[in-house]
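Grab a pencil and work through these exercises with the sequence and structure at hand. Try each task before you read its solution.

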Amino acid sequence: MAALTKEETEALIQEVLEIYPEQAKKDRAKHLAVNDQSLEKSNKCITSNRKSLPGVMTIRGCAYAGSKGVVWGPIKDMIHISHGPVGCGQYSRAGRRNYYVGTTGINTFGTMNFTSDFQEKDIVFGGDKKLAKIMNEIEELFPLNKGISIQSECPIGLIGDDIEAVAKKANKEIGKPVVPVRCEGFRGVSQSLGHHIANDAIRDWVLENRDGDDSFPTTPYDVAVIGDYNIGGDAWASRTLLEEMGLRVVAQWSGDGTIAEMEKTPKVKLNLIHCYRSMNYIARHMEEKYKIPWIEYNFFGPTKIAESLRKIAALFDETIQAGAERVIAKYEAEYDAVIAKYKPRLQGKRVMLYIGGLRPRHVIGAYEDLGMEVVGTGYEFGHNDDYDRTIKEMGNATLIYDDVTGYEFEEFVKRVQPDLIGSGVKEKYIFQKMGVPFRQMHSWDYSGPYHGYDGFAIFARDMDMTLNNPCWKQVKVPWKTDDTSKVAVAAGA
Amino acid sequence: MPSVMLKKNAEGKLVFYVPKKDLEEVAESVEFDTPEKWGGEVLLSDGSKYYFEPIDGQPDFPVTLRAKRVDSGE
């Protein structure tokens, strides 16, 4: 199907909105837009980071998910207590595939679930005593932990437990960092506030632990990788490139990261931000307090990688700049071969994305390297500064949707008819049943890494594997011939 | 009275960031911008104006300061 014009896309949005009651229609209209590259600012065309409408199928998470699941969870040598009833921690346990090195249960705890398992009596009488007891038990059972974080679930805020006091007391008793995080799920409109709360907790309880301690030997090439959660090994694939160009990666935030790395981050020369949405807060704080500059980079697809490597190198001396060129040259044959192999199979295919807070714009370059076109994109919990950065990346007259509802997404797909959809597990089976190839782009569909040159090869293979899978031809039931489906499309158009 | 995080970008221009509003703008002009005095009305590229209490000498960028909103532009 040919690309939609601006008018057609606008008409499509109007048509999809038609089903809503007046008030809901007015509200949702602000979240759907046609991309216009001439706009400087996204607030002219789209509203974001607002409360989801009751009654629509939103795909968002909560503040606890943003803090425990995203920011704190991957810090491997700390124990993160899901403080509250058992479900929040248990049903999100190990789902994000943040890989790490270590022996789980001995010196690393990434895939384990620690919870205070609230019961009625804890709600009635408060859970502070239980929390204190749990931390002592943790110390006894897992003595190699390097610290504890308390991730609040909704009841903690509702009953008003003083977890800060418990944390301070425990910190004195066990002599390790104990960080209370007020990330109750009901705070904010999505997981985005959870990221912010988690960043603030790091700022208040962790970052200044080594201020005034100069025992850590520094080099002029120290950097920290911030906002890479090592999903399927992403951070490792990124780290190797940075190290090959001559930089020293002091800390990984927070995929395969440790608390010691985080405490050392104020000593670095430059912060590299991959996921802007979840960690720009701490980068901005470090810039102000420690005068550490930060830049955003993008390690999806060879075009963006080369661009980012050069941008990073420009902030250092000639050895690093030469290093960047050397790295790009070294992998050139490798990624050219990947493109030569997969581009003919993927050329001209159209993709619709709906992901979290960074990938809706970051992966566009990788698809374009393979000759594919992104015709619609949107964020679950992006803010306007994310959309500012997206407008330039997306083509004109493409669809942009914020906090899209289940219904809207389905209708858009029916009309735009993309060849591939990249979104999360909640959307996956709906679209697969509709016969549209689908990749889960939160956890890379149990594959990865997708970052870096190594990741690009896997990315290309996975997209080809999904898109050109013969099973999609079998989805249509035999009595529905091609003719009838064509008529339906024409009637809808 | 928003808290505004101010920093200089690579071109030496003042970047204005208000976290609560996701507002990230380059400042077009600053009323007083000399080594002796800094502050006054700041005009942003989107047309909005903010007022900072003038201070003696340049602040040490990046820095967070309180600003008063003068008008919202359009």
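**Exercise 1: a helix and what follows it**

Find the buried residues of helix α12 (residues 276-290) of chain A.

Solution. Start with the terms: helices (H or I, at least four residues) are DSSP runs, numbered from the N terminus. A residue is buried if 20 or more other C-beta atoms, placed from the backbone, lie within 10 Å of its own. Going along α12 of chain A, the buried ones are A:Y276, A:R277, A:S278, A:M279, A:N280, A:I282, A:A283, A:R284, A:H285 and A:M286. Next, look past the helix: A:K291 follows α12(A) and has a positive phi, near 60 degrees.

A word on the model: it is predicted, so local features need pLDDT of at least 70 and side-chain atom pairs count only at pLDDT 80 or more, while totals for chains, interfaces and linings use all residues. Residues are numbered from 1 along each chain as its sequence is written, and chains are lettered from A and ligands numbered from 1 in the order in which they are written.

**Exercise 2: chain A meets chain B**

Work out which classes of residue chain A brings to its side that touches chain B.

Solution. First, the contact: nine residues of chain A meet eight of chain B, where contact means C-beta atoms, placed from the backbone, within 7 Å. On the chain A side, the elements giving two or more residues are α12 and α17 (384-391). Now sort that side by class: no nonpolar residues, three polar and six charged. Here Ala, Val, Leu, Ile, Met, Phe, Trp, Tyr, Cys and Pro count as nonpolar, Asp, Glu, Lys and Arg as charged, and the others, Gly among them, as polar.

**Exercise 3: around one methionine**

List what A:M245 touches, leaving out residues up to four places away in sequence.

Solution. The partners are A:L309, A:A313, A:I320, A:G323, A:A324 and A:V327.

Note on methods: Two residues are in contact if their C-beta atoms, placed from the backbone, lie within 7 Å. A residue is buried if 20 or more other C-beta atoms lie within 10 Å of its own, exposed if 12 or fewer, and partly exposed in between; C-beta atoms are placed from the backbone.
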